[in-house]
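Try each task before you read its solution.

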Amino acid sequence: MNYSLDTLLYGMQFRRLMEKEMAPIETTYGLQKIDMQILIYLKHAKELNTSKDIMKMNMFTRGHISQSLSRLQKKGYVRMEQDLKDRRCTHNYLTEDAQIIIVKLEEIYRKIRNIVFDGVTEEEKKTLAAVAQKMNHNISKFL
């Protein structure tokens, strides 16, 4: 087995890099990792901003998402609005207060991408993306 491939697939080094870079935001704003990931998700989600949409990332349970959204709402970073057609569903929107965190998170993501892809050509990035998509499809099909 290829050690580099195993390391990439299991993601421990990447996770440690993310945790190291995000620790200051976690501490400064009292956020958890899931909170920061949901904030970034909502930044790009447009109308796909319900808990169910967030669950489709397959990273979090419904309970974790609900707890995180409640925390983010209490901190004033997320505003929830009930769906007009389905009262059980709420749409989640970022508030102005969340923007400073979003800017900092995007800077960190940019820095991490630069670290991870240092020396990787555009062609290699495209190949990696295509292979990763196939692997994810295989895993989803199996599950």
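This is a predicted model: local features need pLDDT of at least 70, side-chain atom pairs count only at pLDDT 80 or more; totals for chains, interfaces and linings use all residues.

**Exercise 1.** Find which residues of helix 6 are buried, and work out how they are placed around the axis.

*Solution.* Start with accessibility: buried means under 20% relative accessible area, exposed over 50% and partly exposed in between (1.4 Å probe, protein chains only). The buried residues of helix 6 are Ile101, Ile102, Leu105, Ile108, Tyr109 and Ile112. Next, take the directions from the helix axis to the C-beta atoms, which define the arc. These residues cover an arc of only 125°, so they lie on the same side of helix 6. In general, an α-helix has 3.6 residues a turn, so residues three or four places apart point the same way.

Residues are numbered from 1 along each chain as its sequence is written, and side-chain values use heavy atoms, with hydrogens and water left out.

**Exercise 2.** What do the buried residues of helix 6 pack against?

*Solution.* The partners are helix 2, helix 3 and strand 2 (90–94). Beyond four places in sequence, Leu39 is in contact with residues including Ile101, Ile102 and Leu105.

**Exercise 3.** Is Arg113 buried or partly exposed?

*Solution.* Locate Arg113 in helix 6. Its relative accessibility is 44%, so Arg113 counts as partly exposed.

Methods. Contact means heavy atoms within 4.5 Å. Helices (H or I, at least four residues) and strands (E, at least two) are DSSP runs, numbered from the N terminus.
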